[in-house]
Structures are given as structure tokens and as C-alpha cells.
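Colleague: I would like to learn how to read a few features of a model. Please give the general idea each time, then the case at hand.

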Amino acid sequence: MPQQQDRADARRAKVEAMREQDEQRSARQKNVTMTVAVIGVFAVVVAVWLAIGSMGSGTDKAGTSPGAPQLIREDSHRLQTAADGKVTLVEFLDFECEACRAYFPTVEELRKAYAGKVTFVARYFPIASHFNAERAARAVEAAAQQGKFELMYQRMYETQTQWAEKQVPADAFFRKLAQGTGADIAAWDKAYEDPATLARVNKDAADGQALGVQGTPTFFLNGKKIQPRSADEFKAAIDAALAQ
């Protein structure tokens, strides 16, 4: 009997040790997956603290440090602007993302339906696994420097099936798109290769990451993340924001 008890105790000890190892592994995995979220929350908290505590020195018009994550910056691309500034829809997008292209016609319809009532802002968030996504964002930003953001933004979605999901650079294709907008192509070439253009794209992406963006498209309506599954849900959310 003592030997049986000893064997039972040994089995229990082994099971407990295995359980403890599993819990430790699970805890480590949770720590890894939660790290980005924790950093994002911390960054947002810091931004709020700066907005409250700042006395205006070294701040921009939004009242936050230029280096702090922001949903909208002074240089953010506004597809259209409402005079009263009451309702703003911000989209973090990837031009190679099929879901973004699927939402594109809906966003265009909403822009027409809410012209003068809602501000629409587009921000870059190229996904690393999309081979030409960063190039596409650079191409649009290079065109934006000549006041042709909207034209290039639209051309990217209209032609997405011709260049996306390919493991070869689409630089030449994007150059032709830029030419089609009437851009000064020499200036576009220079801007496309300028590290400052990529830095501008990365600034948008960094803001998105700090704000909890994990995929595209991600929409924020008056600062609140929304996940509309249809045009009707989109309109209902906007109407509710306008009614407040």
C-alpha cells in the first residue's frame, strides 16, 4: 500500500508539473500577443496626457506632441472636408488589400451622400505581406505632392486586379498611372524614390499601429473604431453621429 501511495503521489506530482509548464507556455504566448496592444494603449494614454498637460510649447494645432500617435494629422489626406467639422470618418487602408477595394465603391457613395456634412480622411497602412502595397502607397504619396492624391487613390483601386497579388515590382505600372493623372513625371520619379516619401507613409502606419489598427480597412468614426458590414450599417453609424 505505501508503494501504491508513493506511485500515486508521483503521478500527481508529474501531472502538476506538466500543468505548470503548460500554464507557463500559455502565459508566455499571451504576453507576446498582448505586447502590441499594451504598447498601443500606453501610447494613446501618453498622447492624452500630453494633450492635457501641454501648455502649447512644441505642440501642433491638435494639442498633442508631433511625435505622439494621432488619428488625424495636419498633413493627413482629406478626400473632402465638412465645414462644421462635426463628423469625421478616417480610413486606414492598403491599396493592395482586396477588402479595401471592395469597400472603395461604398466609400465613394458615402462621400456623395454626405458631401459637406462629413469629413473623409484616408491614411496609409500597407500590409507587409502584400508585395506591392508599400510601393503603391509611395506612388500615391508622390502624386499627392503635386495635388493629385485623389486621382491616384482612385486609379489604384480601379486597376488593383492588374498589379496586385504579384511577386514582382509594379513600379513601371504605377509610373504609367502617375502619367495618366497629368503629373510632372520627372518630379514624380524623384518623389517616388525620396526616402522622405516612404517616411510619410510609415508615419501613417505607425499612427495606425499605435491606435490599434491590425488590418485593413479599419475605420474610425469620430475617433471610435467601427466595423460596418454593409452600406446601410455605414449610413446608420454616420446618421447617428450627425444626430448627436
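Modeller: Take E108, which is buried, with a relative accessible area of 18%. Buried means under 20% relative accessible area, exposed over 50%, and partly exposed in between, with a 1.4 Å probe and protein chains only. This is a predicted model, in which local features need pLDDT of at least 70 and side-chain atom pairs count only at pLDDT 80 or more, while totals for chains, interfaces and linings use all residues. Residues are numbered from 1 along each chain as its sequence is written, and side-chain values use heavy atoms, with hydrogens and water left out.

Colleague: Which side chain does E108 meet in a salt bridge?

Modeller: Side chains of opposite charge can pair when their charged atoms come close. A salt bridge here is a side-chain nitrogen of Lys or Arg within 4 Å of a carboxyl oxygen of Asp or Glu. The partner of E108 is R111, at 3.0 Å from N to O. Helix α2 (residues 98-113) holds both, three residues apart, or about one turn of the helix. Helices (H or I, at least four residues) and strands (E, at least two) are DSSP runs, numbered from the N terminus. R111 is also buried, at 8% relative accessible area.

Colleague: What does the pair of E193 and R138 link?

Modeller: E193 and R138 form a salt bridge at 3.8 Å, N to O. That pair links distant parts of the chain, since E193 lies in helix α7 (residues 185-193) and R138 in helix α3 (residues 133-144), 55 residues apart. E193 is exposed, with a relative accessible area of 55%, whereas R138 is buried, at 12%.

Colleague: How many salt bridges does the count come to?

Modeller: The count is twelve. One of them joins R200 to D204, with the closest N and O atoms 2.8 Å apart. These two residues sit four apart in helix α8 (residues 195-210), so about one helical turn separates them. R200 and D204 are both buried. They also belong to a network of salt bridges that links R73, D75, R123, R200, K203, D204 and D207.

Colleague: How many disulfides does the count come to?

Modeller: A disulfide is a pair of cysteine sulfur atoms within 2.5 Å. By that rule there are zero. C97 is in none, as the nearest cysteine sulfur, in C100, is 3.3 Å away. Seen from C100, the closest cysteine sulfur is that of C97, and the gap is too far for a bond. Both are buried, C97 with a relative accessible area of 7% and C100 with 1%.

Colleague: How many cavities of 30 Å³ or more does a search of the whole structure find?

Modeller: Rolling a probe the size of a water molecule over the atoms shows where empty space is left. On a 1 Å grid over the protein atoms alone, a cavity is a set of points where a 1.4 Å probe fits but cannot get out, and lining residues have an atom within 4 Å of a point. Searching the whole structure gives one cavity of 30 Å³ or more. The largest cavity holds about 40 Å³ of space, the volume being that filled by probe spheres set on the points, which are joined across faces, edges and corners.

Colleague: Which residues line the largest cavity?

Modeller: Its lining consists of L79, L89, E91, V107, F120, V121, A122 and Y153. The elements giving two or more residues are β2 (87-93) and β3 (118-124), and β3 gives the most, three. The lining divides into seven nonpolar residues, no polar and one charged. Ala, Val, Leu, Ile, Met, Phe, Trp, Tyr, Cys and Pro count as nonpolar, Asp, Glu, Lys and Arg as charged, and the others, Gly among them, as polar.

Terms used
1 Å grid on protein atoms, 1.4 Å probe; cavity = no way out; pocket = protein on both sides within 12 Å on 5 of 7 lines; lining within 4 Å.
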